[in-house]
Structures are given as C-alpha cells and as structure tokens.
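Hello,

Here is the structure for you to look through. My notes on it follow below.

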Amino acid sequence: MIASRERGPATTARRAFAVSTGKVMRGGLRRLGLGNGTNLPGTVALAIDPGALAGLAAQIPHGSVLVTGTNGKGTTCRMLAEVMRAAGVNPILNHEGSNQLSGLTTTLLARSGPSGRLPADERAIGLFEVDEGSLPAILPQIARPRAVLITNIFRDQLDRYLEPGFVTGMLERVLRKLPAETTLILNADDPRLVYLAAELKNPRLYFGIADTGHSRGGADPSSDFPRCPRCGDELGYRCVFYAHLGHWRCGGCGLSRPAPQVEAAKVELLGPVSSRLQLTTPAGETVLEVPFPGLYNAYNALAAAAAAICCEIPESACAAIQHCRPGSFRMERVVVAGHDVYLVLAKNANGFTEVLRALLADGQPKRMMLGLNDCAGKQPDTSWIWDADFDSLRGLVPAAVVSGNRSADLAVRLKYAGWLSTGAATELTVEPDPVRAFQLALDGTPAGDPLWVVSTSIVLWQLRGWLRRQGYAGQPWREQPGAAS
C-alpha cells in the first residue's frame with residue numbers, strides 16, 4: 001500500500017494546482033451541459049499530480065470501505081451510507097457512479113479546498129464503489145482501508161473481463177497486498193468468493209440468506225455453473241437462490257458454504273418496489289424494511305449491514321436502510337403524464353434476469369420498455385442476452401417496446417423465449433430510438449398505470465437526458481444528500 005508521505009513545498013504546490021484545475025474543469029463541464037464531470041477532472045488532476053488520490057484519501061480520519069463486485073455495489077453503498085449517517089458517521093462516497101481511478105479522484109477533489117486539503121471532519125469515512133477491474137489501480141492509493149466488500153462475481157463484460165476466473169484471479173492478486181488488519185466482507189452464498197486468497201490471515205466477515213423459501217427447485221437457467229474454487233470438482237447445492245448463489249458444497253474436497261455472521265433468517269418479497277428481511281447478527285435480530293425489490297437487493301442490504309458491523313456501527317442504525325433512495329437507474333422513479341416511470345439498469349444476464357423476476361414476481365402484468373445497446377468500448381458484446389432467463393417470464397408482459405441499436409436482437413431473443421407465442425402473446429414494438437420508444441410505451445400504458453424501463457446503460461442515459469431537458473428528472477449529481485456542488 002502507498003504510505004503517507006511528508007508533504008514538501010513542491011508537493012503541496014503541485015497538489016493544490018492539480019486540485020484547483022480539476023475543480024475548475026468539473027464546474028465548467030457541468031455549466032456547459034457536457035456531462036457530470038466525474039471522470040475528466042480526476043484524469044487531469046492525476047496527470048498533474050499522480051499522488052493526488054493517495055494524498056486526499058490519507059486525510060480521511062476513519063479510513064475507507066471499498067465496495068466492489070459485478071452487481072449491486074452502487075445500491076449497497078447507498079444503503080450503507082444511510083446507516084452510517086444514522087450512526088453519526090459522515091461517509092464520503094462517489095454517489096455519481098464514477099467508480100474508476102479518475103472518478104474517485106474527482107470525488108475527493110470536489111470536496112477539498114483549493115489547497116488540496118479536505119475539510120476537517122473527525123466523523124468522516126470513505127465509502128467508495130469500485131469497478132472490479134479498477135480495484136488493482138485504486139486499492140494501493142487508499143490509505144488504511146478498513147474493509148473490502150465483494151458482493152458477487154458473475155459473467156460480465158466479456159470484452160474486459162473474459163470469464164469470471166479472470167476476475168477472481170485479478171482480485172486474489174490485489175487482495176494479497178492488503179494490510180493484515182483489513183477485513184474482507186464476502187458473500188457466503190457465492191462459491192467464487194469464499195476461497196479468494198485463502199492463505200490470507202485477514203479477518204473475514206460473511207453474509208448470506210438462510211431462508212430457503214424463495215429458492216429454486218433445481219439449477220437456475222441463468223447459472224454458469226462454477227466449479228469448486230479449491231479442487232475444481234463439481235459443486236452440489238442444497239438450494240439455489242439465483243444463478244450460482246445458494247447453499248453449496250463440493251463433493252470432492254468438502255469445501256462448503258461458510259456459516260455467515262450476518263444472515264437473512266426470513267425474506268419477504270413485497271412486490272415490485274420493496275421487501276422485508278429478518279436480519280440475524282451476532283448482536284441479535286432485527287427487521288429491515290428494504291425499499292427495493294427482489295432477492296438481489298436482499299443481498300445488497302445484507303452486505304450493507306455486514307459492513308456496518310465491521311465499522312462498529314450499532315445494529316440499530318441498520319434500520320436507516322428504509323430511508324435509502326434509489327440512485328440513477330436503480331429503480332429510479334420519475335412521474336410523466338400521470339404515470340410512475342421506473343428506470344432500471346440491467347447490464348448483464350444475471351442483472352436482466354433478476355430485475356425482471358423481481359418486477360414480475362407478483363404475477364401482475366406490467367407494461368415495459370426494454371433496451372439493449374452496444375457501443376465500442378462500452379458493452380460491445382450483447383450475446384449475453386441468450387443467457388438471460390426470459391423464458392420463465394413469458395405471459396407476464398402484455399405489451400413491450402424494445403429499443404436501442406440492438407433492439408432487433410432483443411426482439412429475436414424474446415421471440416425464441418416464447419413471448420410472442422399463442423397464449424402468452426406480448427404485443428411487441430421495435431423502435432431503436434429511445435425517446436420515440438418511450439413515447440410509444442407511455443402512450444400504450446393505461447391511464448395511471450406504471451411503466452417499467454429496463455435497459456442497458458446507453459439507452460437509459462439517452463432517455464434520462466431527454467427526461468431532464470423536459471423537466472421530469474433532475475441532475476443525477478444532485479440526488480444524494482451531501483453531494484458536492
């Protein structure tokens with residue numbers, strides 16, 4: 001890890017120049033409407049002072065918690081931030097979603113003064129969402145990491161990460177550089193995580209779901225069937241919650257799911273916008289009202305509770321999760337022409353599957369707009385739609401508009417999933433332009449009914465930009481309490 005260095009006059013001047021330049025650039029980009037200004041300011045600041053992030057992070061009194069993994073890291077951070085605030089702790093978080101090296105640098109320079117010093121705050125703690133591919137570059141820059149939380153590892157962005165084995169290998173290499181006192185907070189139900197850098201003596205804190213009431217009868221069609229991380233043998237499951245998450249054991253070497261210290265003893269899925277957990281921790285039991293649906297958000301709430309325990313936050317503060325507001329594209333709600341419109345990001349096979357399962361679990365038909373895009377450098381591969389479990393959801397969507405530059409591919413996938421077959425027919429419209437698709441979907445939604453927009457990122461950004469210009473949605477950086485201006 002990078003140690004804190006004595007700041008000489010030259011370092012101080014360079015840091016101040018880097019921070020001031022980044023702040024000016026960030027403000028200018030926003031005033032000109034050229035985006036959130038979450039990446040470029042940090043890139044420029046690091047070009048001027050490569051130690052900017054390390055120097056700023058070293059000033060945070062209570063160190064930092066890093067949250068990474070394939071899915072759920074942003075929502076987990078938002079939940080944990082609410083818990084921290086309820087306990088009188090002031091989290092510094094990159095709520096705008098820029099989770100790479102330049103983005104974290106922008107987050108900290110935005111909060112610092114022109115001299116490159118963060119405001120004095122003895123209650124401050126870093127809480128950073130980190131892209132799993134950026135963790136090797138970011139972790140050495142963060143002074144005194146209290147914990148590294150890993151939510152899950154799924155197949156995702158094959159152009160960047162190849163297969164999950166590549167990601168787990170990358171994570172193992174960087175975790176071996178952690179200080180011995182840093183706690184690893186891991187999902188016990190994900191066999192890919194349990195054996196990460198097994199030789200490390202770092203404290204480990206596991207979370208998982210005990211309630212088997214929502215488990216699947218057999219293998220989940222969205223699973224990519226990982227092998228035992230220790231011996232490579234086939235894994236057996238007593239129950240599967242989704243994909244490869246569940247109560248697992250290796251028949252070859254005996255490696256098995258560890259007993260979680262933080263568990264959901266009972267999970268109640270209350271419809272398309274909320275759920276309830278009976279949380280069990282070493283301190284006792286409590287009930288969490290979670291303002292998000294689905295098993296995947298149950299895992300996010302458990303992860304947040306586990307991190308709170310690691311940070312010695314009283315368990316009673318976990319009830320603040322009920323006050324968590326959805327971030328941009330994470331069940332974000334806007335009202336348009338008398339309709340509640342929900343914007344939901346789904347960026348890989350497991351994400352798309354679990355979002356749709358959560359929304360449709362009550363069996364009530366829902367009008368939807370589904371989006372799929374590719375873009376060089378950003379989600380260029382869309383073959384993962386054939387791994388998403390659209391098949392079990394046929395008959396639950398009476399009408400859908402598909403959009404994005406790969407909307408025709410998505411329409412073909414839905415056809416083969418049986419959405420257009422007799423008896424389960426979905427009235428399907430293909431419109432590549434996101435704004436026109438949204439208008440068609442809204443026009444076809446009965447008065448007062450909600451519209452659910454589930455899509456990959458670029459379609460959502462284009463649609464949200466239009467909604468903002470029409471006055472229906474605000475700037476995403478102004479949605480989180482305590483956001484820097």
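**What was found**

Buried residues (under 20% relative accessible area with a 1.4 Å probe, protein chains only; exposed is over 50%, partly exposed in between) make up 56% of the 485 residues in the chain. The model is predicted, so local features need pLDDT of at least 70 and side-chain atom pairs count only at pLDDT 80 or more, while totals for chains, interfaces and linings use all residues. Residues are numbered from 1 along each chain as its sequence is written, and side-chain values use heavy atoms, with hydrogens and water left out.

The chain has 14 helices and 17 strands, which are DSSP runs numbered from the N terminus (helices: H or I, at least four residues; strands: E, at least two). The C-alpha trace spans about 75 × 60 × 40 Å along its principal axes.

Contact means heavy atoms within 4.5 Å. Of the contacts between residues at least 6 apart in sequence, 72% join residues at least 24 apart.

S112 counts as buried because its relative accessible area is 4%. Apart from neighbours within four places in sequence, S112 is in contact with V19, K23, L56, R117, L118 and P119.

Regards
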